[in-house]
Amino acid sequence: MNTETRILLIEDDRLQAQGIQSGLRDLLHSEYPKLVFTTFFTESDFYAKFGELAAEGFALAIIDVMLPWADPSPEMEVPPREVVEGGFFRAGVRCRQKLQSDPRTSSIPAIIYTVMDEVRLPAGLDVVPKGGDFAVLAERIRQLLPETSRP
């Protein structure tokens with residue numbers, strides 16, 4: 001089967017995002033030979049393109065918790081009140097809530113991939129701690145993705 005396995009990656013660090021993609025492709029190649037990543041680096045980009053991404057049929061989302069609202073620029077839009085009040089320490093949680101609350105994306109499993117201590121996060125999140133080795137993240141992906149998405 002030549003089916004793509006689409007993964008939504010929300011990660012502000014571009015080098016980290018490249019590492020995640022490369023590491024997961026290496027570790028998951030035999031089970032998912034066609035991993036396709038769509039990456040967002042800021043919370044505002046995720047919200048701005050949410051309608052498009054909702055139609056793409058993602059198998060899984062990997063979300064960092066700490067994200068900037070936008071890349072700094074003179075044209076940067078003002079963040080909404082909940083972003084100002086919640087700060088960047090909750091950006092990934094807000095992105096996950098957006099996925100879970102929309103009927104088009106509510107069935108997408110979401111892994112929170114973070115350096116934050118789980119105690120500081122809301123209960124009920126599927127958290128995988130960030131580390132230099134992507135094996136734990138790859139194993140969690142294997143557990144979450146249905147057998148039908150494997151070739």
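The buried residues of helix H1 are Ala17, Ile20, Gln21, Gly23, Leu24 and Leu28, where buried means under 20% relative accessible area, exposed over 50%, and partly exposed in between (1.4 Å probe, protein chains only). The model is predicted, and local features need a pLDDT of at least 70, side-chain atom pairs count only at pLDDT 80 or more, and totals for chains, interfaces and linings use all residues. Residues are numbered from 1 along each chain as its sequence is written, and side-chain values use heavy atoms, with hydrogens and water left out.

**Helix H1**

An α-helix has 3.6 residues a turn, so residues three or four places apart point the same way. Helix H1 covers residues 14-28; helices (H or I, at least four residues) and strands (E, at least two) are DSSP runs, numbered from the N terminus. The end C-alpha atoms of H1 are 21 Å apart, which agrees with the 21 Å that its 15 residues should span at 1.5 Å a residue; the expected span is 1.5 Å times one less than the number of residues.

What covers the buried residues of H1 includes the strands E1 (5-10), E2 (35-40), E3 (60-63) and E4 (110-114), together with helix H6 (135-144).

**The chain as a whole**

The protein chain has 6 helices and 5 strands. Read from the N terminus, its elements follow the order β-α-β-α-α-β-α-α-β-β-α. The radius of gyration of the chain is 15 Å, close to the 15 Å that the globule rule gives for 151 residues, so the chain is as compact as a globular protein of that length. This radius is taken over C-alpha atoms, and the rule is 2.2 Å times the number of residues to the power 0.38. Along its principal axes, the C-alpha trace spans about 45 × 30 × 30 Å.

Of the 151 residues in the chain, 45% are buried. Among contacts (heavy atoms within 4.5 Å) between residues at least 6 apart in sequence, 71% join residues at least 24 apart.

**Salt bridges**

The whole structure holds 10 salt bridges, each being a side-chain nitrogen of Lys or Arg within 4 Å of a carboxyl oxygen of Asp or Glu. Three of them are listed below.

| Glutamate 4 | Arginine 6 | 3.6 Å |

Glutamate 31 lies in the loop between H1 and E2 and arginine 142 in helix H6, so the pair ties together parts that are 111 residues apart in sequence. Glutamate 31 is buried at 17% relative accessibility, whereas arginine 142 is partly exposed at 21%.

Aspartate 126 is buried, with a relative accessible area of 19%, while arginine 140 is partly exposed at 23%.

Glu4, Arg6 and Glu56 are linked in a network of salt bridges.
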